[in-house]
Amino acid sequence: AGIAHEINQPLNAIKMGSEYLCLMQEKKQAVPPKDLNLVLGEISSQVTRAAEIVSRLKTFSRKVDFSREVVDVNACILSVHRIIGRQIALQNIDLVLDLDKTIAPVLAHGNRLEQVFFNLITNARDAINERIEALNITDPGKIVIKTYPVTHLVGIDIEDNGAGIDPDITESIFESFYTTKPMGEGLGLGLPIITGIVKDYNGTITVSSRPGKGTVFTILFPVSTDGSLTKELNTP
C-alpha cells in the first residue's frame, strides 16, 4: 500500500496537468504556447518520475540502495510549484513562496523531497477546502512555503490557514493508516511516508496547529558538508 501511495504522487501531478488542458478546452480557450509547453514538459517529467519509483521497487526494502546527492531544497519546491501551482490558484488558494536563496544544499534525493512537498501542499489544500466547506466562508485560502537557514540546518515551513488539527489527534496523524478523511478519500499513508523519507536523510518533521485557524509543518535537514558531492552514499 505504501508503494502504491508513492506511485500515486506523480500520477496525481499528471492528472492535474491533463485536467488543466481539458478545462481550457471545455472553456474553448487557447492555451498559451508557454503554458502548453510547461504542462506537457511536466507531464513527461512525472512519467519519468513514476518510472524511477517503479525501478526502485526491486530494492525498496533495502534503504542502503537509496541514493543521496547534493540537493537544492528551493529547486525542489519550485519544481512542485510548477506542477501544482496553477491548480491551487484555480481553487482560490494563494500559494506563496518565501524562499531564502542563501540556504545551503542538503544531502538527499530531489525526487523524494518533491514527493514530501507535493504531499504536504495537497494536504494543506484539502485542509483549506475543508474549512471553507465547514464554515461556508469565501475568504481565499493561503499556503505559505518558507525556507530559512538554521545553525547547520535548513528549515522548511509549510503553513496553511485551513481547518487545523485537533490537539487530541496531533500525534496520531503520523501513524500508518490513520486518516481524518472520509472513507475512500485517504489511506492514512501520506504523513508516515513523508516522515520516513525525512528520517532517511537525517531530518525531522514536526507540526503545530490551531483548530479552525491553520497548521504549520516544519522540516529540518542537516546541511551538506560538501557542496560538490554527487556520488551515492550508503544510508547509516
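Helix 3 gives the most to the lining of the second largest pocket, with six residues. Helices here are DSSP runs of H or I with at least four residues, and strands are E runs of at least two, both numbered from the N terminus. A pocket is defined on a 1 Å grid over the protein atoms alone: an open set of points where a 1.4 Å probe fits, with protein on both sides within 12 Å along at least five of seven lines; lining residues have an atom within 4 Å of a point. This is a predicted model, in which local features need pLDDT of at least 70, side-chain atom pairs count only at pLDDT 80 or more, and totals for chains, interfaces and linings use all residues. Residues are numbered from 1 along each chain as its sequence is written, and side-chain values use heavy atoms, with hydrogens and water left out.

The second largest pocket holds about 220 Å³ of space, a volume being the space filled by probe spheres set on grid points joined across faces, edges and corners. Its lining has 16 residues, and Leu38, Val39, Arg82, Ile83 and Arg86 are the closest to its centre. Helix 1 (2–26), helix 2 (33–55) and helix 3 (73–90) each supply at least two lining residues. By type, the lining splits into eight nonpolar, four polar and four charged residues. Nonpolar means Ala, Val, Leu, Ile, Met, Phe, Trp, Tyr, Cys or Pro; charged means Asp, Glu, Lys or Arg; the others, Gly among them, are polar.

Now the overall fold. The protein has five helices and seven strands, in the order α-α-β-α-β-β-α-β-β-α-β-β along the sequence. Of its 236 residues, 42% are buried, meaning under 20% relative accessible area with a 1.4 Å probe and protein chains only. Contacts are heavy atoms within 4.5 Å. Among those between residues at least 6 apart in sequence, 73% join residues at least 24 apart.

Beyond four places in sequence, Val73 touches Ile103, Val106, Leu113, Phe117, Thr147, Val154 and Ile156.

Finally, Gly141. Gly141 sits in strand 4 (residues 141–150). Gly141 counts as buried because its relative accessibility is 2%.

Technical notes: Buried < 20%, exposed > 50% of the residue type's maximum accessible area, 1.4 Å probe, protein only.
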